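User: Hey, I'm new to this one. Can you walk me through it?

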Amino acid sequence: MLYPAMRGHRLALGLGFCLLLGTALCSLWMYFENWLRVSYVPYYLPCPEIFNMKLQYKGEKPFQPVTQSLYPQPKLLEQRPAELLTLTPWLAPIVSEGTFNPELLQHIYQPLNLTIGLTVFAVGKYTRFVQHFLESAEQFFMQGHRVHYYVFTNDPAAIPRVPLGPGRLLSIVLIQRHSRWEEISTRRMETISRHIAERAHREVDYIFCLDVDMVFRNPWGPETLGDLVAAIHPGYYAVPRQQFPYERRHASTAFVADDEGDFYYGGAVFGGRVARVYEFTRGCHMAILADKANGIMAAWQEESHLNRRFISYKPSRVLSPEYLWDDRKPQPPSLKLIRFSTLDKDSSWLRS
Ligand code: UDP
Ligand code: MN
């Protein structure tokens with residue numbers, strides 16, 4: 001039997017010892033953490049509704065529906081068979097030949113002395129597309145404006161030196177090569193947002209992000225400049241939204257329900273004001289990261305995430321399939337001209 005004074009003494013000793021041990025373990029851990037330089041992969045729970053939720057901050061006027069609302073699908077060919085829709089239901093212009101006056105737009109935009117950025121990725125075998133892409137861009141892309149091309153590649157020596165017109169500039173940005181082609185194309189969102197944060201926000205007013213396996217065939221001018229710009233995919237402009245190849249698994253942050261969606265947009269063309277593109281690519285990158293942590297690759301990789309995000313953050317300007325066509329498809333009567341088109345390529349060889 002112990003006296004109460006002795007018991008108190010032992011308790012104090014015990015507590016002191018625990019405190020000492022705790023502090024020692026803590027400092028040891030901090031030391032090892034520094035020394036090991038371990039980077040932790042965060043674990044995310046599937047939370048698509050949070051990742052793509054449009055927040056309405058206090059005092060901010062809602063410009064677009066904040067909660068999901070059900071409404072009929074807008075149809076590009078709804079009006080008359082050979083005439084395209086010119087406005088979305090949220091009043092964004094749909095740009096196609098005949099909806100604008102190029103001379104007038106040139107007069108309006110020329111004095112603004114804007115610089116337009118263009119990002120393009122050429123990793124591995126895709127460097128072979130750069131020459132044709134740049135030569136056609138020099139001929140048709142934003143003629144008479146300042147243009148800054150950013151070519152992201154793992155192999156700068158393979159990028160041809162294409163002569164550029166006055167006011168046009170090309171920067172090669174070195175990036176790592178990932179082994180899988182899905183990874184290369186999905187990583188673009190991360191790379192672009194990082195590039196805007198580190199550099200492009202100081203150099204350009206607007207920025208377009210395009211696929212490299214494509215060529216310009218007709219003028220692409222300031223009619224395409226908007227805060228946030230999307231292009232309608234050539235394969236799905238006449239298809240009911242239930243058949244759009246959205247990501248349909250609930251566990252993915254790119255999930256889209258059957259009764260949602262406006263147009264199916266192509267991942268090969270998007271752009272806008274540099275600040276909006278930064279926000280956009282960062283959002284897509286976060287959603288891709290969350291999926292990755294859960295072992296999910298969306299149905300059409302970054303295109304699925306882009307489409308999911310454009311439902312909540314609607315584009316302020318929509319480009320008709322004139323701006324994103326595919327050489328493997330015949331030109332339909334509803335399109336008066338093709339401005340930018342995917343080349344017929346040997347995908348299995350390129351991706352091997
Ligand atoms: N890409 C690349 N190297 C690759 C795979 C893709 O540079 O090995 C880039 C390139 O800019 C390409 C884009 O990612 O245009 C998208 O890939 P791809 O054109 O093959 O996709 P698709 O248009 O066929 O869906
Ligand atoms: Mn492509």
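User: Is R339 buried or exposed?
Analyst: R339 counts as buried because its relative accessibility is 2%; buried means under 20% relative accessible area, with a 1.4 Å probe and protein chains only. Bear in mind that this is a predicted model, where local features need pLDDT of at least 70 and side-chain atom pairs count only at pLDDT 80 or more, while totals for chains, interfaces and linings use all residues. Residues are numbered from 1 along each chain as its sequence is written, chains are lettered from A and ligands numbered from 1 in the order written, and side-chain values use heavy atoms, leaving out hydrogens and water.

User: Where is R339 placed?
Analyst: R339 is in the loop between β10 (325-326) and β11 (340-342). Strands here are DSSP runs of E with at least two residues, and helices are runs of H or I with at least four, numbered from the N terminus.

User: Which side chain does R339 join in a polar contact?
Analyst: That of Y323, at 3.2 Å. A polar contact is a pair of N or O atoms within 3.5 Å; within protein, one must be able to donate a hydrogen and the other to accept it, and residues adjacent in sequence count only if both atoms are side-chain atoms.

User: New topic: which residues surround ligand 1?
Analyst: Among them are F121, Y126, R188, D211, D213 and K345.

User: How far is Y126 from an oxygen atom of ligand 1?
Analyst: An N or O atom in the Y126 side chain is 2.5 Å from a ligand 1 oxygen.

Note on methods
Near = heavy atom within 4 Å. Buried < 20%, exposed > 50% of the residue type's maximum accessible area, 1.4 Å probe, protein only.
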